[in-house]
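Please read it alongside the sequence and the coordinates.

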Amino acid sequence: MWSLWNPVTSKTIRLPPLVLKDGDLESIKECCLSSPPNDPTSVLMLTRTNAPTIVYCQLDRKRKRLRWKEMTYAKQLRSITGDNGNFLVCLTCCNGKVYALVRGDCIVIQIDIVVKDEEVVISLLTFGKLPIPFYSGCSCMMTFLKGYCTDLFYIIVEFVTAQKGTVGVVYLFKLDWTSMIWEEMEDLKDAIFVVDIARNCSVFYRQAIASELGGYIHILGAMDKVIYSYNVKDKTISLSSLCCLVQATHVSLWECRLQGDHGDVKCETGFKLEDEIMVRSVRDGEVDISCNTRNEGTFEPHLFTIPFDVLKMIMEFCVGVEYLNFRATCKQCQLAAPMIRWSSETAIRRLQTYSLISPWLIVLDKYQGIITFTDPIFGDKYFMKTPQELVCDLRIYCSRYGWLLFYRFSIPRELLFFNPFTNDIRQVPNMTFYFDSVCFSAPPTSPDCIVVGLSASLPAQIFIYFINREPSWRMFHMDFGLTPPHSFLFSTFYGQDIYALNEGALDAFKKIEGRPVWDGVVSEAPRGRSVQYFLVNCDEHHLVLVMVDELGKFVEVSKLNDFTQEWEKIDSLGRHMIYICGATCLYMEAKTPEMENKIYFPRLNSGSGNIMFYSLETCRFHTFNGRNIQHCFRDFFGTKVYVYPHAWIEPSWS
């Protein structure tokens with residue numbers, strides 16, 4: 001029995017039994033009211049997943065008998081899209097009109113409803129095109145249309161794997177009715193969206209909610225009881241359990257029974273943008289330094305009562321992070337250590353021999369035009385202005401030798417090398433299409449640098465460019481036989497060859513500097529529905545595969561046996577460490593004992609903001625507080641990850 005129920009007034013409108021000609025009631029997945037039920041022209045519409053029809057019922061209470069009708073919209077939709085077999089999805093009401101998406105197309109349809117006496121006429125009209133975001137590299141996506149009063153929203157949820165497990169990227173757009181342009185929203189304030197992927201793909205929106213939940217798009221994952229919460233303002237996705245979230249906040253996401261609203265929380269950035277890298281400490285532990293109180297009300301540590309000339313002399317031997325930290329200590333140190341433009345020729349000479357104990361996590365924020373570097377060990381954050389030509393949509397392909405290789409989606413679209421420590425930008429000959437994966441063999445300043453791009457969907461599958469040797473790309477078609485690859489990820493140079501992952505399979509390409517050939521699938525990794533694979537090149541000595549469950553329930557490391565061509569599980573990295581993310585994987589020897597035998601993830605503790613790592617010794621996730629190991633996590637719950645382009649990078653000023 002179908003019925004409409006108002007939970008506020010407890011009123012119920014009972015509808016007649018629904019009998020379909022084919023009897024397939026399971027095909028009905030979405031519904032939409034054209035107007036409130038007390039409106040005599042209100043129509044309840046149901047859409048089907050197996051037929052281009054709308055099942056509807058006019059809700060005029062004056063009628064003696066309500067009844068269901070079914071109409072086909074196939075011919076109308078075909079006249080708009082030009083294709084057969086399309087279906088309407090995501091019906092929603094906004095500003096007195098009904099709108100819908102077309103499955104597999106990038107347009108919005110207006111569903112025009114005219115009610116005359118007992119006749120209902122439903123017509124489809126073209127409303128407008130949808131925004132198309134840049135290609136993020138995710139495997140698949142789902143789209144949602146949601147109307148609320150006079151606002152019309154469009155949500156894109158992209159997934160890391162084709163099984164729609166891990167949420168990788170989220171976009172939120174709002175239609176400007178004056179210009180009829182979709183604008184990407186930068187903040188939701190106290191409003192929320194709830195997207196139910198696990199059950200019926202419905203979308204719930206509330207304009208004002210408890211502040212601890214406000215500003216998010218909460219996505220109930222396909223695995224159920226898992227919530228991916230996208231913070232629209234800071235562009236991070238956090239992972240939490242549905243039962244834990246409801247218990248902690250006294251909020252039912254479906255009934256919206258709220259308790260308390262603590263108002264807005266003000267956040268101060270605490271830094272000033274200059275052309276140079278700035279520093280702000282965000283460690284959990286505070287350093288207690290005994291201070292003197294001067295007459296002018298300032299505080300100066302006893303440690304720096306040494307003569308000013310001696311301080312200046314000390315600073316002549318400091319460089320990099322030590323210099324930045326020294327400047328941030330007090331006013332006296334700031335005077336003794338003037339601001340330096342680290343991209344200058346003199347400063348670069350000082351930095352040539354400088355080395356950090358760990359790579360940094362670099363994040364590019366296009367909205368604020370800021371590049372953020374995070375030290376995974378000490379938790380410090382360093383900020384610099386993004387070069388103006390890079391304040392746009394980007395996709396990072398690879399990070400090596402202190403250089404980023406990324407694709408710029410704004411015009412002119414092109415591949416670029418960028419060293420954020422010297423602000424050096426180098427162009428690569430333009431390509432008119434996207435690669436699945438790109439890697440390079442040496443810094444672009446080297447005459448031996450080779451750039452290799454792989455694609456599984458283009459007529460040519462391997463593209464090679466010799467920097468400083470040739471003016472354009474070489475393109476080659478590969479014969480993959482009866483099993484063409486789905487996509488390529490984490491391509492890497494291994495000797496004179498290229499290796500890349502293809503959905504867990506390891507593919508090899510030989511003779512890169514001549515006429516490359518596909519050497520087949522070298523090895524197959526154990527397959528899992530919700531497993532992510534990361535390929536790591538261990539200093540050209542061997543290849544390592546890191547397998548991670550999408551929820552962090554398990555982490556497994558295997559090494560490729562060069563003789564048997566099989567993956568062999570290992571339980572320790574010894575004195576080495578691995579850094580993994582969606583753009584690149586790094587392997588290096590640890591410079592301090594507490595860093596070794598660990599895998600560093602681009603995930604942050606949702607509470608402290610410290611970067612997480614997985615210890616192969618404890619088989620648990622932890623964070624650093626200084627050099628002290630703290631916290632213990634069994635999985636990714638209670639953590640968050642950046643949606644902004646990000647990667648691990650080895651600081652280099654050469």
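Arg 48 is buried, with a relative accessible area of 5% (buried means under 20% relative accessible area, exposed over 50%, and partly exposed in between, with a 1.4 Å probe and protein chains only). The model is a predicted one, in which local features need pLDDT of at least 70 and side-chain atom pairs count only at pLDDT 80 or more, while totals for chains, interfaces and linings use all residues. Residues are numbered from 1 along each chain as its sequence is written, and side-chain values use heavy atoms, with hydrogens and water left out.

Glu 70 forms a salt bridge with Arg 48, and the closest N and O atoms of the two are 3.0 Å apart; a salt bridge here is a side-chain nitrogen of Lys or Arg within 4 Å of a carboxyl oxygen of Asp or Glu. This pair links distant parts of the chain, with Glu 70 in strand β6 (residues 68-72) and Arg 48 in strand β4 (residues 43-48), 22 residues apart. Helices (H or I, at least four residues) and strands (E, at least two) are DSSP runs, numbered from the N terminus. Glu 70 counts as partly exposed, at 35% relative accessibility. Asp 22, Arg 48 and Glu 70 are linked in a network of salt bridges, and the structure holds 13 salt bridges.

## The sheet β11 to β14

Four strands make up an open sheet with the order β11-β12-β13-β14 and antiparallel pairing, where two strands pair if DSSP finds at least two bridges between them. Because β11 (140-148) and β14 (181-184) stand at the edges, each with a single partner strand, one side of each is left without a neighbour in the sheet. From one strand to the next, the twist averages 25°; the axes are lines fitted to C-alpha atoms, for helices over the stretch in contact, and angles run from 0 to 180 degrees between N-to-C directions.

The antiparallel strands β11 and β12 (residues 151-159) are joined by nine bridges, and Leu 145 stands opposite Tyr 154 in β12. Asp 151 forms a salt bridge with Lys 174, with 3.7 Å between the closest N and O atoms. Asp 151 lies in strand β12 and Lys 174 in strand β13 (residues 167-176), so the pair ties together parts that are 23 residues apart in sequence. Asp 151 counts as buried at 17% relative accessibility, whereas Lys 174 counts as partly exposed at 29%.

## The sheet β34 to β37

Another open sheet of four strands has the order β34-β35-β36-β37, with antiparallel pairing. Its edges are β34 (489-494) and β37 (517-524), each with a single partner strand, so one side of each is left without a neighbour in the sheet. Neighbouring strands of this sheet are turned by 25° against each other on average, direction ignored.

Four bridges pair β34 with strand β35 (residues 497-502) in the antiparallel sense, and the bridge partner of Thr 492 in β35 is Tyr 499. The side chains of Lys 510 and Asp 497 meet in a salt bridge at 3.0 Å, N to O. Lys 510 in strand β36 (residues 505-510) and Asp 497 in strand β35 are 13 residues apart, and the pair links distant parts of the chain. Asp 497 counts as buried, at 16% relative accessibility.

## The two faces of β16

In a regular strand the side chains alternate between the two faces of the sheet. Strand β16 (residues 203-206) has a covered face, formed by Val 203 and Tyr 205, and an uncovered one, formed by Phe 204 and Arg 206. Four bridges join strand β15 (residues 192-196) to β16, and the two run antiparallel; Phe 193 stands opposite Tyr 205 in β16.

## A nonpolar patch and a helix residue

Ile 306, Val 310 and Ile 314 form a nonpolar patch on the surface, with about 200 Å² of accessible area together. Patches are made of residues with over 30% relative accessible area and no salt bridge, like charges being joined within 9 Å and nonpolar side chains (Val, Leu, Ile, Met, Phe, Trp, Tyr) within 5 Å; accessible areas come from the Shrake-Rupley method with a 1.4 Å probe, and for residues only the protein chains shown count as cover. Ile 306 is found in the loop between β22 (299-301) and α3 (308-315), and counts as partly exposed at 32% relative accessibility.

Asn 325 is found in helix α4 (residues 320-327) and is partly exposed, with a relative accessible area of 28%. Asn 325 and Asp 380 are 55 residues apart in sequence and 9.5 Å apart in space, C-alpha to C-alpha.
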